[in-house]
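Dear colleague,

I am passing on the structure we spoke about, together with some notes on what turned up in it. Please look at the model first and then read on.

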Amino acid sequence: MRNIKMLIFLMVLSTLCVLLLTGANILYQKASAVFNVRLYAVILDLFKIPVRVQSANEKPTGDEIKNVFLNNFEIKNVGGKTYYIAKKKDRGVIAFKTSGPGLWSTIEILLAVYPNFEKLYGLRVISQAETPGLGGRIAERAFQKRFTDVELTPTLRIVKFASAPNEVDAITGASKTSKALEVIINRAIKEVKHAFKEVANPKEERGGREK
Amino acid sequence: MSNPTNSSANLKIPKKGYKLFKTKSWMVFIEGLWHNNPIFGMVLGLCSTLAVTNLMNNALVMSLAVTVVLILNSAIISAIRNLIPERVRMIAYMLVISTLVITVDRFLKIFVPEISNALGPYVALIITNCILMGRAEAFAINNPVRISVMDALGVGLGYTFSLMSLALFREILGFGSLFGLRILPKGISTLSLFSVPPGAFFALGIFILIINSIRKEKTDK
C-alpha cells in the first residue's frame, strides 16, 4: 500500500513537471521565432526588399515579414551555422549572423557577401554595447553604409583614411572598437569561405583531414 | 559548514524592539541572510560562486536566478510536504528543482541572451546547487509555506549579497570596471588574478575571514 502511494505520488509529480516544462518550451520556441523575425527584417532592409503592408500606416506583422523573407531567401545550414542565400534580388548573395568581442561588449553583426567571396555586399550591426558616442557609433546607419561593396582581398581593413578598395574609414576616437570589428569580419569571412568550399568539394576536404 | 540545519525552534526571539523584528518570520529571514549566510556562513554552493563572480552583471543574474528558484522550490515543497512520502522526498526535490531551473534557464535565454551565454552551463547547474537541496531538506519539509518562503528569501538574498560583494571586489580589481563600465583610470594596471577562478578562492577566503571576525566580535560582546 505504501509503495502504491509512493508510485502514484511520483507519477503525479512527474506529470505536473512535464506539463510545466512543455509550457516553458512552447513559450521559448515562440519567443525565438520573434528573434528570427527581427533578423529577417534586418536582412530584408539590407537587401532593400520592401515588405508590402495592407494598410499604409501600420507596421508589417511578423507573418508578413516572414513570408516575404522566405520568398526571397533560401535558408541553408552548413556546418552547424545558418546562412541565408538570396533567391531573387541579388541572387546568390550569402547573408549570415556572426558575433565577437568588441572593446566592452559582444558585437553581433549581420554580414552579406557576394558568392565569390571577393566583395562584401553589406553589413548591419544587430546588437552592441560599446562606449556611447564613440565605439557605439558603429550602430549608426552612415557608418554601416561604408561597408557596401568593399573588397575583401587580401583582407578587409578599417583604417584612418580609406584609400584602397579594401579599406573602410574607422570611427574617430574608437580605434579599439573599429579594430575589434575588423577582426570579427575577417574571421567570419574566412569561416564562410571554408564552410562553402567544403560543400562544393567534400571529398577533397575529407582527404585533407585524414593526413 | 557551521550550522546548516533549520532549528527554527531554537531561535531566540528578543523581547525588546519593534514588533516586526520579533516575529518568527523575521528571525528566520535574518538567520538566512546573515547568521547562516549560505556562502560565508554555511559555505555551500561554492563552485558556481567562484565561477560567476568575476563580473557584477553575471553575479546579479545568477543570484537572482538562484533566489527565484529557491523561493519557488521552498514554497512548493512546503505546500506539498504532507503528501511527499518520506522515502522518495529527495526525488521529489530533484524533480521540482530541475523543472524550475530549466524554466528559469529558458527565460534567461529569451530575456538576457548575452548574460545567459556568459554564464554558460552554470544556470543549468543550479539544479545541483546544495543550497536548494539544503533548504528543502532542512527547512521547507518541516515548516508551513509562509515561514519557508521567508527562509528562502533570507537565504536567497544572503546569497545575492555574498555574490555581489565578491563580484564588486573582483570586478574592480580584476577588470577595473563596474557593471561593465570602466571606473579605474586607464593607466592603472589591473590584477588579472582576480578575474580568474583561482583568484576567487583568495577573494572568498578574505571575505570569510572579515565576516567571521565581525561575527565573533559581536558574540564576544
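Where pLDDT is low, the predicted coordinates should not be read in detail.

This is a predicted model, in which local features need pLDDT of at least 70 and side-chain atom pairs count only at pLDDT 80 or more, while totals for chains, interfaces and linings use all residues. Residues are numbered from 1 along each chain as its sequence is written, and chains are lettered from A and ligands numbered from 1 in the order in which they are written.

Chain B has a mean pLDDT of 83, with 89% of its residues at 70 or more. For the complex the predictor gives an ipTM of 0.72 and a pTM of 0.63.

Where the chains meet, 14 residues of chain A are in contact with 16 residues of chain B. Helix α1 (residues 2-46) of chain A gives the most to chain A's side, with 12 residues.

Within chain B, helix α3 (residues 56-79) and helix α4 (residues 89-111) pack at an angle of about 145°, with their axes 10 Å apart; the axes are lines fitted to C-alpha atoms over the stretch in contact, and angles run from 0 to 180 degrees between N-to-C directions. Val61(B), Leu72(B) and Ile77(B) are among the residues of α3(B) that meet α4(B), whose own contributors include Tyr93(B) and Leu108(B).

In chain A, the buried residues of helix α2 (residues 62-72) are Ile65(A), Phe69(A) and Asn72(A), where buried means that 20 or more other C-beta atoms lie within 10 Å of a residue's own, and exposed that 12 or fewer do, with C-beta atoms placed from the backbone. On the other side of α2(A), Asp63(A), Leu70(A) and Asn71(A) are exposed. The cover over the buried residues of α2(A) includes α1, β1 (73-78) and β2 (81-86) of chain A.

With best wishes

Terms used:
Two residues are in contact if their C-beta atoms, placed from the backbone, lie within 7 Å. Helices (H or I, at least four residues) and strands (E, at least two) are DSSP runs, numbered from the N terminus. pLDDT is the predictor's confidence in each residue, from 0 to 100.
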